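Trainee: I am new to this structure. Please show me how to read its features, one at a time.

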Amino acid sequence: FVGGIPDLSNMRQLERLYLSENLLTGPLPEWMSELPMLSDLQLYRNEFSGPISESIGNFQNLKTLYLDNNKFTGMLPEAVGNIATLEYLTVDNNTLQGRLP
């Protein structure tokens with residue numbers, strides 16, 4: 001796939017979203033963190049860019065978050081530490097700064 005992620009916010013029962021190893025671009029959509037059942041989000045090896053929004057802390061059931069090998073910049077949001085269910089996080093090979101929350 002090429003371009004941005006289409007709006008999937010109406011897929012309220014979505015549990016897993018695997019869009020790795022494509023040519024997806026742009027920032028992470030804000031609507032993603034509003035998917036209440038999402039537990040596994042794998043977006044590694046794409047061309048996502050820009051800062052990661054603080055809204056990432058709104059995930060309620062997320063266990064796996066793979067954002068490595070993209071072009072994210074700035075600080076890893078402190079809000080990542082608010083995802084109580086998070087078990088696996090990869091953010092390497094981006095241009096992120098700071099400490100893990």
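**Reading contacts, sheet and pairs**

Mentor: Start with one residue. Leaving out residues up to four places away in sequence, Pro27 touches Phe48 and Ser49. Contact here means heavy atoms within 4.5 Å. The model is predicted: local features need pLDDT of at least 70, side-chain atom pairs count only at pLDDT 80 or more, and totals for chains, interfaces and linings use all residues. Residues are numbered from 1 along each chain as its sequence is written, and side-chain values use heavy atoms, with hydrogens and water left out.

Trainee: Where is Pro27 found? Is Pro27 buried or exposed?

Mentor: Pro27 sits in the loop between β3 and β4. Helices (H or I, at least four residues) and strands (E, at least two) are DSSP runs, numbered from the N terminus. Pro27 is exposed, at a relative accessible area of 57%. The cut-offs are these: buried is under 20% relative accessible area, exposed is over 50%, and partly exposed is in between, with a 1.4 Å probe and protein chains only. The C-alpha atoms of Pro27 and Leu62 are separated by 19 Å. Along the chain those two are 35 residues apart.

Trainee: Is Gln42 buried or exposed?

Mentor: Gln42 is in strand β4. Gln42 counts as buried, at 14% relative accessibility. Neighbours within four places in sequence aside, Gln42 is in contact with Leu17, Tyr18, Leu19, Ser20, Thr64 and Tyr66.

Trainee: How do I read a sheet? What is the order of the strands?

Mentor: Strands of a sheet pair through backbone hydrogen bonds, either parallel or antiparallel. Two strands pair if DSSP finds at least two bridges between them. Here an open sheet of 5 strands has the order β1-β3-β5-β7-β9, with parallel pairing. Its edge strands are β1 and β9 (95–97), and each pairs on one side only.

Trainee: Now charges. How many salt bridges does the structure hold?

Mentor: Side chains of opposite charge can pair when their charged atoms come close. A salt bridge is a side-chain nitrogen of Lys or Arg within 4 Å of a carboxyl oxygen of Asp or Glu. The structure holds 3 salt bridges. In one, Glu47 pairs with Lys71, the closest N and O atoms being 2.7 Å apart. Glu47 lies in strand β5 and Lys71 in strand β7 (residues 71–75), so the pair ties together parts that are 24 residues apart in sequence. Glu47 is partly exposed, at 29% relative accessibility. Lys71 is partly exposed too, at 47%.

Trainee: Which residue forms a salt bridge with Glu21?

Mentor: Arg45 does, with the closest N and O atoms 3.0 Å apart. Glu21 lies in the loop between β2 (16–18) and β3 (23–26), and Arg45 in the loop between β4 (40–42) and β5 (47–50), so this pair ties together parts that are 24 residues apart in sequence. Arg45 is partly exposed, at 47%. Arg16 also forms a salt bridge, with Glu15, the closest N and O atoms being 3.7 Å apart. Arg16 is partly exposed at 48%, and Glu15 is partly exposed at 37%.

Trainee: What describes a pair of aromatic rings?

Mentor: The distance of the centres and the angle of the planes. Rings of Phe, Tyr and Trp (its six-membered ring) pair if their centres lie within 6.5 Å; planes under 30 degrees apart count as stacked, over 60 as edge-to-face and the rest as tilted. The count here is 2 aromatic pairs. One of them is Phe48 with Phe72, stacked, at 6.2 Å centre to centre and 5° between the planes. This pair links distant parts of the chain: Phe48 is in strand β5 and Phe72 in strand β7, 24 residues apart. Phe48 is buried at 0%, and Phe72 is buried at 0%.

Trainee: Which residues have the most contacts inside the largest nonpolar core?

Mentor: They are Ile5, Leu41, Leu43 and Leu67, in a core of 25 residues. A nonpolar core is a set of buried Ala, Val, Leu, Ile, Met, Phe, Trp, Tyr and Cys residues joined through side-chain atoms within 4.5 Å. Beyond four places in sequence, Leu67 touches residues including Leu28, Leu43, Ile52, Ile56 and Phe72.
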